[in-house]
Amino acid sequence: MSTIVDISSENETSPNYNKQTKFSFLHSFSSLIAKQCELHTQKVIHSIKVGIALVLVSLLYLLDPLFEQVGENAMWAIMTVVVVFEFFAGATLSKGLLRGLGTILGGGLGCLAAIVADNFGKIGNAAVVGVSIFIFGAAATYCRLIPSIKRRYDYGVMIFILTFSLVAVSGLRADKIIELARERLSTIGMGFGICIFTSLLIFPIWASDELHRVTSTKFDNLACCIEDCMKAYFSVISEKESIPKINVSGCKSVLHSKSSDESLANFARWEPWHGRFGLFYPWEKYIQIGELCRELASIILSLQECLGSPLQPSTPLKHAIKEPCKSVGLSIGLTMRELGESILKMKRCHAKVLTLPKLESNKLELILLSTSPKLKGIANVESLAIANFLFLLTEIIDKVEALAKEVETLGEVAGFRSKY
């Protein structure tokens with residue numbers, strides 16, 4: 001709260017305001033530098049881990065005893081490392097397991113189709129293989145179009161189609177097909193084992209930690225945008241000055257985070273028990289919280305557009321509603337930061353007891369302000385502008401209330417510790 005400027009008591013040219021502005025800028029700049037350094041370090045670590053995995057899997061070719069056991073099929077192990085190894089440990093684990101499962105199912109059904117086709121002669125062989133490829137290929141492709149399957153198992157279904165088609169149309173004898181499938185599956189397993197070893201045991205990068213951190217950061221980003229909107233809306237602007245610009249990059253990053261959140265949540269579900277996150281952790285709650293944050297971000301961007309609207313109330317009218325609205329804005333910002341801290345530190349926020357009554361009080365204050373005698377008898381254009389501003393502010397409070405309930409539910413389901 002030390003970085004929030006009191007609009008009513010300080011002018012933007014005062015020394016105290018300049019010190020607070022510089023402190024806020026330096027704090028934001030240092031946080032950005034620290035985040036970029038951490039991300040760069042993780043990229044370097046990931047690159048080194050991929051190099052180690054490639055060296056280990058290449059030993060299947062480089063060492064004669066291993067090459068004699070594996071042979072040319074070692075190529076599949078190298079291909080597995082290149083294709084499966086991902087930035088996050090959960091992504092590597094999910095792709096490896098889906099690749100193995102798709103290979104087993106596709107290879108098994110492909111062998112079965114080849115065995116059945118081998119009993120129908122040369123012409124019947126081609127017909128049976130063609131029909132089986134059409135049926136399984138079409139059915140698997142249809143499954144890939146189902147949203148729930150595409151989101152979690154798309155890679156495994158694709159590997160199933162590829163393996164089944166390769167085995168079914170290979171034209172080899174049944175015993176050779178089974179031997180080929182066994183050798184390729186074993187080399188794929190070797191490559192997957194090397195990926196798991198380097199990904200989980202050498203400085204693992206967890207998708208669950210990233211999703212947890214990103215979700216808590218959204219609250220601070222949105223709180224900053226709300227406070228900036230309030231300060232800019234009630235700042236005194238002369239005719240020669242332009243409208244203050246608001247940094248809405250944090251708000252837009254929240255608005256465009258849907259695909260990233262869903263990917264991180266999907267990878268987090270595959271990760272083993274580590275640190276603060278156990279098995280069957282409620283990652284779906286993070287998706288719901290992220291969706292509410294995106295809805296709130298869209299409302300904040302609409303509030304920001306009020307600054308550039310040609311329908312602006314007069315400066316005396318803004319001054320009449322400045323104190324109550326400023327108090328509400330600061331209260332919302334504080335509440336958002338408390339919710340973000342609750343998630344980051346995994347402490348219960350007790351929204352029903354502490355947060356919701358405060359938000360209800362803020363909403364009641366806006367309702368009383370909209371019916372205040374100060375706003376009666378004003379021009380229609382000014383009345384519309386003020387009503388729009390107060391309506392958006394009320395909508396923000398409603399979304400913050402929904403967020404507080406979801407955060408409290410997350411704390412209950414995930415077993416957050418109590419603050420007291």
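This is a predicted model: local features need pLDDT of at least 70, side-chain atom pairs count only at pLDDT 80 or more; totals for chains, interfaces and linings use all residues.
## Annotated transmembrane regions

In the unreviewed UniProt entry, the annotation "transmembrane region" is attached to residues 44–63, 75–93, 100–117, 123–143, 155–174 and 186–207. Over residues 44–63 the chain is 95% helix and 0% strand, with 28 Å separating the end C-alpha atoms, while residues 123–143 are 100% helix and 0% strand, with their end C-alpha atoms 31 Å apart.

## The nonpolar cores

The largest nonpolar core holds 65 residues, and within it Cys325 and Ile396 touch the most other members. Two or more residues each come from helix 8 (207–233), helix 9 (249–255), helix 10 (258–270), helix 11 (283–308), helix 12 (315–344), helix 13 (351–370) and helix 14. Helix 11 makes the greatest contribution to this core, giving 13 residues.

Around cysteine 325, once residues up to four places away in sequence are set aside, the residues touched are Met230, Phe234, Leu366, Leu369, Phe389, Leu390 and Leu393. Another core, of 15 residues, lies apart from the largest one and has Ala77, Ile78, Tyr155 and Cys195 among its members.

## Glutamate 401 in helix 14

Helix 14, which runs over residues 380–414, contains glutamate 401. Glutamate 401 counts as buried because its relative accessible area is 8%, and the cut-off for that term is under 20%. When its neighbours within four places in sequence are left aside, glutamate 401 is in contact with Leu356, Leu359, Glu360 and Lys363.

Notes. Residues are numbered from 1 along each chain as its sequence is written. Side-chain values use heavy atoms; hydrogens and water are left out. Helices (H or I, at least four residues) and strands (E, at least two) are DSSP runs, numbered from the N terminus. Buried means under 20% relative accessible area, exposed over 50%, partly exposed in between (1.4 Å probe, protein chains only). Contact means heavy atoms within 4.5 Å. UniProt positions are given in the numbering used here, feature names are shortened, and annotations may be inferred rather than shown by experiment. A nonpolar core is a set of buried Ala, Val, Leu, Ile, Met, Phe, Trp, Tyr and Cys residues joined through side-chain atoms within 4.5 Å.
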